[in-house]
Amino acid sequence: EEVDGTRTDIITLSSFILQEQRKYNSKYHDKGTSIIQEASGELSLLLNSLQFAFKFIANNIRKAELVNLIGLSGVINSTGDEQKQLDSICNDIFIEAMKSNGCIRVIVSEEEEEAILVDSSGSYAITCDPIDGSSNIDAGVSVGTIFGIYKIRPGSTGSLEDVLRSGNEMVAAGYTMYGASAHLMLTTGHKVNGFTLDTNLGEFILTHRNLSMPIYKNIYSINEGNTLNWPPKIADFIHGLKVAPEGGKPYAARYIGSMVADVHRTMLYGGIFAYPCSRGKGKLRLLYECFPMAMLCEQANGMAVNDKGERILDLTPKQIHEQSSIWLGSRGEIQKYVDFMKQH
Ligand code: AHG
Ligand code: MN
Ligand code: MN
Ligand code: MN
């Protein structure tokens, strides 16, 4: 509520995580279920270490131009991207934070050829895109960090098998978008909550509780430059969005070219975000782009499928940088795509 213009219902990410943990503990304690690992609050510890990494990265993004941190690092990464200096620096920050929190056994990063195995007594594995949208970074467009969290399998000491699993097995996922403010969207499997970094307090503050996407919205977000390389039926579907319905308006096109920014707009306004196969190949990576965004969408009452209409979270990668097509966003809109592909 407002008291002379200042909010007094401030909930920080740290207190939110503890509240969630208490809710989780009380739910299971009542049933007498042993929840040793959760009672230890290890996931809470991990999420707090993640928010430190995001604050550190946000700081680097803000001053990138000033300390000439932009431009190429000269490295080509495993999916053939020209790595930017910021990709590399933010990758190092993220990996150091994950190595030092004692919760992580396996780290997968877009900027690391192989999975990193960490010698710790942790129970979790994490996948990450340290800077998504980095091709735009020199132009000042919003970029972000995307992450997905798995609990390592019972008895595992941390191996590739802990991350080459279907998206259904993720226990948490989210992203932080470094725009005018830093926005963190997080799900631990129970809805989606959004937090905004207050740089004066140095805290992420709850600003979007139990976020839910509109079922329908006439916005589509796709790189039309690839139109001639899509399967023809997909080009037909996108063309159909441009035909205004009787007395209505055609869809609006919005494409930023940074997945985190395009998905953030879709989470807030609704609509369709798609990156179909181009010349038969998917571009976005399953483990650290498609899976986390698909989990967030589904937890916000949305949908996420591939070109064939298969649910993204049902897929299982065979290698850590496996790529996939993706269609995500408002449930009603994605269903239209799935129905169209079935009929034609
Ligand atoms: P990244 O910067 O992590 O390599 O990801 C770039 C991705 C994603 O952010 C975006 O949706 C897509 O590349 C844009 O690809 P096009 O430039 O081919 O549209
Ligand atoms: Mn890249
Ligand atoms: Mn990316
Ligand atoms: Mn990236």
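View 1. C103 is buried, with a relative accessible area of 1%, where buried means under 20% relative accessible area, exposed means over 50% and partly exposed lies in between, as computed with a 1.4 Å probe on protein chains only. The model is a predicted one, in which local features need pLDDT of at least 70 and side-chain atom pairs count only at pLDDT 80 or more, whereas totals for chains, interfaces and linings use all residues. Residues are numbered from 1 along each chain as its sequence is written, chains are lettered from A and ligands numbered from 1 in the order in which they are written, and side-chain values use heavy atoms, with hydrogens and water left out. The closest cysteine sulfur to that of C103 belongs to C128 and is 16 Å away, which is too far for a bond. The structure holds zero disulfides, a disulfide being a pair of cysteine sulfur atoms within 2.5 Å. C277 is likewise in no disulfide, the nearest cysteine sulfur being that of C290, 10 Å away, and C277 is buried with a relative accessible area of 17%.

**View 2. The manganese ion (ligand 4) and its protein donors.** The ion is held by E110 (OE), D129 (OD) and I131 (O), which lie 2.0 to 2.3 Å from it; donors are N, O and S atoms within 2.8 Å of the metal (3.2 Å for Na, K and Ca), and sites may look incomplete because water is not among the atoms. Along the sequence, the donor residues of this ion follow the spacing E-x18-D-x1-I. Distant parts of the chain are linked here, since E110 sits in the loop between β5 (104–109) and β6 (116–117) while D129 belongs to strand β7 (residues 124–132), 19 residues apart; helices (H or I, at least four residues) and strands (E, at least two) are DSSP runs, numbered from the N terminus. E110 counts as buried at 4% relative accessibility, and D129 counts as buried at 0%.

**View 3. The manganese ion (ligand 2), with E110 as a bridge.** D81 (OD) and E110 (OE) coordinate this ion at 2.1 Å. E110 bridges it and the manganese ion (ligand 4), and the two ions lie 3.7 Å apart. D81 is partly exposed, with a relative accessible area of 26%.

View 4. The coordinating residues are D129 (OD), D132 (OD) and E289 (OE), at 1.9 to 2.1 Å, and their spacing in sequence is D-x2-D-x156-E. D132 in strand β7 and E289 in helix α7 are 157 residues apart, and thus this pair links distant parts of the chain. D132 counts as buried at 4% relative accessibility, and E289 counts as buried at 1%.

View 5. Strands β10 (residues 182–187) and β11 (residues 193–198) run antiparallel and are joined by four bridges; the bridge partner of H183 is T196 in β11. Contact means heavy atoms within 4.5 Å, and axes are lines fitted to C-alpha atoms, for helices over the stretch in contact, with angles running from 0 to 180 degrees between N-to-C directions.

View 6. In helix α5 (residues 232–241), the buried residues are I234, A235, F237, I238 and L241. They cover an arc of only 160° around the axis, which puts them on the same side of α5, the arc being that of the directions from the helix axis to the C-beta atoms. P232 and H239, on the other side of α5, are exposed. The buried residues are covered by elements including β13 (219–221), β15 (272–275), β19 (326–330) and α8 (331–343).

Note on methods
Two strands pair if DSSP finds at least two bridges between them.
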